[in-house]
Amino acid sequence: MHCRVWIVTTCAAALLFANVPAAEAQVGYFGQNKVQYRDLKFRVMKTQHFDVYYYPEEEDAARMAGRMAERWYSRLSTLFTHQLRNRQPLILYGSGSQFRQTNVVEGDLGEGTGGVTEAYKRRIVLPFAGPIQATDHVLGHELVHAFQYDVTNTSASGAAAGQAGALSLPLWFIEGMAEYLSIGPVDPNTAMWMREAVRRERLPEIDHLDNPKYFPYRYGQALWAYIGGRYGDKTIGSLMRAAIGRDGYKGAFERVLGVKSKDLSKEWHDATVAAYRPVAETTKMPSAFARPLIVDQTHKGGINVSPELSPDGSRIIFFSSRDLFSIDLYLADAATGKIIRKITNTATNPHFESLEFIESAGAWSRDGRRFVFPGLASGNPVLTVVDVDRGRTEREITLKDLDEALNPTWSPDGRQIAFSALIGGYNDLYVYDLDRNQLRRLTSDAYSELTPSWSPDGRSIAFATDRFSTNLGSLDAGSPRIALLDVASGNVRALGGFEAAKNIDPQWSADGRSLFFISDRQGISNVYRMDADGGNVTQVTNLLTGATGITDLSPALSVGGTRVAFSAYEEDGYNIYALDTTETVAGPLASGLPRNAGVLPPRTTGEGTVYSLLHNDAAGLPQTTAFETQPYRPHLTPDYIGQPVVGVGVDAFGTYVGGGVGMIFSDILGNHVVAADVQTTSRFDETGGTLLYLNRTHRWNWGASIDQTPYAIRGFQETLVPDASGTPLIEEDEVRQLQIDRGVSGIALYPFSRARRVEFSAGWRQITGKTDVTTRLFDFNGNQLTQDTQTLNRFPTLNLGTASGAFVHDTSIFGVTSPIRGFRYRLELDQTSGSLSYGAALADYRTYVMPVRPYTIALRGMYYGRYGRSAEDPLLFPVFIGYPDLVRGYDYGSFDSSECAVTADGSCPVIDRLIGSRMLVANAELRFPPWGAFGGSNFYGPLPVELAVFGDVGAAWTKDRALKFTGPNRDFVRSVGAAARINLLGYAVAEIDYVRPLDRPGRGWMWEFNLRPGF
């Protein structure tokens, strides 16, 4: 009986005392942090259809966004012939850096995420993009998703019941529709992608668009533009409703359009080829007239963007994805393209949270010795100055009063740096005095000021701005043009550019007599040259695709000495080309193309319902910004309520009923979270549940929980007994051992950065238990005569106070089944007092080095030990090093009696040496994806599989049994083997090991299987 009670107790102990093998599975053991660097005081602004959540620093921009949102509501309710069922939440952040600390969306938000609409509460969350046109587009795109979710009744309860609504549709359908309805049929950026697909003869079939190699935003938008042009924009709402049926989008095409997806693919392809082949005949790819400088030779969609030539044109610094795990700055020879050195290393260095590589480039000082680039560190925008020749950081300037800094440019004397900054949702120009450490604002308005460039004489700054084309009253966002700012007076004047076209990225010639810039005149982004007075304009390139960065406003041009460098889109990626002389590259403006290359077929000009709605600036636009506001007060509403589960079972002990339900509630900002679950059976004393509260409002995250968990083990025996008259009866005894583990705990954590945090927890736990027997008498006909339940004994109640503190550092990069770069460690101290008293110490360090792609050397060293009066109490589950995630080949279930020698006390020495109160484990693996190892593209390719060879070693000991490192009776056990891991559709990682335990005499190679990621 004592033995059985001990077995039950260990079940609770494994949870209660955070036994090390179980600890790895706990949420938060490792992992990177989402840091609330700024304490944002949200308010709520109410428009007719929206609750707009904002904070005072962005109030002016938020009022503008409220007007935009109402205009979008008018447009989309017309297109979908639908009114949203309730008010629409719109949560605004002043910049991308602040947006990435949101709690509305769990997990990390990358730099490429411009906004999110979560499905279950239909919350739209987005940062201001700076230019009004960009913010307006993202707002429209996300509101399309809100309509999609509402039209299809997408909800948490529906998803729990298996009705995913819009979430069941492919990304190209959902995201492509959002792009088309928010941009329309005229989009030079998407048209560029389609022209390149036609050139390469790589237009995909519709049924293949869900392949990850086809960017769903661009290809999806192009397809929806074709459908709208061929069948009418009013079919889009009908297709949205029809597609959530059993036959999906294919059935929707047949029912609404009367065409099969295969035939629709052919129609789309024919129209696209017919539209863009004549354009290809009058334009060229960059290699036809420029020298390839930084080119991805693998043709796998590499990113090489934001070129910056040194003032003499001999060297170039640029952003590149050649590291695979991050986009960093590289220095190269501008004549040969040979890489000289890597300037930054952000993959595993936690200092920089962003290098602003999508929207920004850096800049050389005029003497060619220093280079400055923007970024984010500790939640603040920074300008980092590096000594290029020595490859080291010379200075870092923190700009705490701003939200983001972009596109710096040096003054000719090297004493000042001008840049575009985002503050309160708008872009303005600033200049920083390096000698005086002073920041000065040059512009202050709602217009965008982008890509500044300081003139060689130091008297003016050229930049791109929409101030000459945007009407703030009607929120008619115009395209940017080139302007000049007089540094001394602050006066701004229009310089030039083409009407109704994008004009960005001005770059001065070395003599200051002309400016190079990029314009999408005629629908293709090309490089142009303009006299410094805004006079004569000549065309430098005549590209089929375009001179562009990652987005249509990204910097893509640089001039140094007599050399011009630009990035261009091709082969599903971005490469950098050079023109080696500025004297011969300019020519007259190219004659008209066969068509506007920026219009998506089948249309040849801007037309249709969507186009008309997008260009009617007045319809639905409120004429006032005087919306009612009030302080934000959190109210909890359901995020998720799981489908209640009820089960009925019958066995030898009778009939049982059990069930449970789980639910999560949060406020609209996700700062307050309440989670609860309960499970119960027909025996009420076996009811368990958890109630958890988390507060994530500030940088200190804290929470509290209360829980109860029952553990029940049953035994059964049947005997014959006589009644008073001697008639035999059947007596059934059900022996139940019940243990109840209940507790209250509090947690708190403080993230220093994305990589480092401290954690604290404290609580009280109580463990009670009893053994009871239920006796039932039956006659031989199966009729139950009596039933009686008696308590045989009670387990002594344990009352335990617990406290712990930990420091966690994690810069690891996770592959599909395990970490492959970086390092992480956890240092933890725990103390338990009360009925048992002991302390515990944990040190767990892991590093992942990739000396040659795609092979990773993974190393781990871990120590865990218990100390104090009760450290080796039999009520505690002992430390065991034979778990598969510690030392493989020694799992308890793999031993048989033949391996245990005959001993006087009946012990098994080969198992006993794996058990103790302290342990030391070391592991080494060489892991690699077979697809990448054998030359496949994209590292893992279509196979989410990892192979590994490994060696494990470990030892367990007690305070009375000292650890022996050498000799025939050493305590260390070892194993070697090979492993295969596979990601099971994102739900779990399965591992199969073929392992040889080296310290199990007579035991050879063996198989092990478990569900866990690599260490």
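The charged end of R230 sits over the ring of Y231, 4.7 Å from its centre; a charge counts as over a ring when NZ of Lys or CZ of Arg is within 6 Å of the ring centre and within 35 degrees of the ring normal. The model is predicted, so to speak of local features takes pLDDT of at least 70 and side-chain atom pairs count only at pLDDT 80 or more, while totals for chains, interfaces and linings use all residues. Numbering runs from 1 along each chain as its sequence is written, and side-chain values use heavy atoms, with hydrogens and water left out.

On to ring against ring: the structure holds 44 aromatic pairs, meaning rings of Phe, Tyr and Trp (its six-membered ring) with centres within 6.5 Å, called stacked with planes under 30 degrees apart, edge-to-face over 60 and tilted for the rest. One of them joins F173 and W224, edge-to-face because the planes stand at 80°, with the centres 5.0 Å apart. F173 belongs to helix α7 (residues 171-183) and W224 to helix α9 (residues 216-231), so this pair ties together parts 51 residues apart in sequence; helices here are DSSP runs (H or I, at least four residues), numbered from the N terminus. F173 is buried at 0% relative accessibility, and W224 is buried too, also at 0% (buried is under 20% relative accessible area, exposed over 50%, partly exposed in between, with a 1.4 Å probe and protein chains only).

Y750 and F752 also pair edge-to-face, since their planes are at 75°, with centres 5.4 Å apart. F752 is partly exposed, at 32%. Both rings belong to a cluster linked by ring pairs, which also takes in W700, F760, F807, F823, Y825 and Y845.

Methods:
Helices (H or I, at least four residues) and strands (E, at least two) are DSSP runs, numbered from the N terminus.
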